[in-house]
Amino acid sequence: MVKSALPDGTPLALYNVDGRIYATDDKCTHGEVSLSEEGTLIGKTVECSWHFGAFDVTTGKATAMPCERDLKTYPVTIIDGIVHVDA
Ligand code: FES
């Protein structure tokens, strides 16, 4: 996982799932945790290291308690090898 940010400073997490790039908000919806720095990506699931909540990074859906609110996702395009995230 890689940490990035939108032009307005909103932190993002970028994930590589089977060669496809996905972007979500970086902060866990359950607490003040950077998923790109403290999460673990297993397949298409990022697990938060604090309380082991989890999200599907391809949809943003919360998939494990205590996370109940979904992560915001962002469309990603790759142009000439550069990742572009649409806010
Ligand atoms: S802060 Fe992420 S699961 Fe609690």
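Me: What does F55 touch, leaving out residues up to four places away in sequence?
Reply: This is a predicted model. In it, F55 touches T45, V46, G60, K61, A62, T63, C67 and L71.

Me: Which residues touch the most other members of the largest nonpolar core?
Reply: Y15, V46 and F55 do. That core holds 15 residues.

Me: Which strands each supply at least two residues of this core?
Reply: Four entries here: β2 (11-17), β3 (20-25), β5 (45-48) and β6 (54-56). The largest share comes from β2, with 3 residues.

Me: Why would such residues sit together?
Reply: Nonpolar side chains tend to be buried together in soluble globular proteins.

Me: Back to F55. What is the bridge partner of V46 in β6?
Reply: F55 is the bridge partner of V46. F55 also has V46 among its contacts.

Me: How many bridges join β5 and β6, and in which sense do they pair?
Reply: 3 bridges, antiparallel.

Me: Which open sheet has β5 and β6 in it, and in what order do the strands run?
Reply: A sheet of 4 strands, in the order β4-β5-β6-β7. The pairing is antiparallel.

Me: Which strands stand at the edges?
Reply: β4 (39-42) and β7 (62-64). Each has a single partner strand, so one side of each is left without a neighbour in the sheet.

Me: By how many degrees are neighbouring strands turned against each other?
Reply: 30 degrees on average, direction ignored.

Me: Let's change topic. Where does F52 lie?
Reply: F52 lies in the loop between β5 and β6. Its phi is near 65 degrees, a positive value in a residue other than glycine.

Me: Is F52 buried or exposed?
Reply: F52 counts as exposed, because there are 12 C-beta neighbours inside 10 Å. The exposed class covers 12 or fewer.

Me: Which other residue has a positive phi without being glycine?
Reply: D80 is one, with phi near 50 degrees. D80 is found in the loop between β9 and β10.

Me: And is D80 buried or exposed?
Reply: D80 is exposed, with 5 C-beta neighbours inside 10 Å.

Me: What do β9 and β10 form?
Reply: A hairpin, with 2 residues between the strands. D80 is in the turn. β9 covers residues 76-79 and β10 covers residues 82-85. The two pair in the antiparallel sense over 4 bridges.

Me: Which residue of β10 stands opposite I79?
Reply: I82 does.

Me: Now the backbone. Which peptide bond is cis?
Reply: The bond from M65 to P66 is cis, with omega near 10 degrees. P66 has its place in the loop between β7 and β8 (73-74).

Me: Last topic, the start of the chain. Which strand does V2 lie in?
Reply: V2 lies in β1, residues 2-5.

Me: What is V2 in contact with, leaving aside neighbours within four places in sequence?
Reply: L14 and S36.

Me: How many residues apart are V2 and L14 in sequence, and what is the C-alpha to C-alpha distance?
Reply: They are 12 residues apart in sequence. In space, the C-alpha to C-alpha distance is 5.1 Å.

Me: How many other C-beta atoms lie within 10 Å of V2?
Reply: 13, so V2 is partly exposed.

Technical notes. Residues are numbered from 1 along each chain as its sequence is written. This is a predicted model: local features need pLDDT of at least 70, side-chain atom pairs count only at pLDDT 80 or more; totals for chains, interfaces and linings use all residues. A nonpolar core is a set of buried Ala, Val, Leu, Ile, Met, Phe, Trp, Tyr and Cys residues joined through C-beta atoms within 7 Å. A residue is buried if 20 or more other C-beta atoms lie within 10 Å of its own, exposed if 12 or fewer, and partly exposed in between; C-beta atoms are placed from the backbone. Two residues are in contact if their C-beta atoms, placed from the backbone, lie within 7 Å. Two strands pair if DSSP finds at least two bridges between them. Axes are lines fitted to C-alpha atoms, for helices over the stretch in contact, and angles run from 0 to 180 degrees between N-to-C directions.
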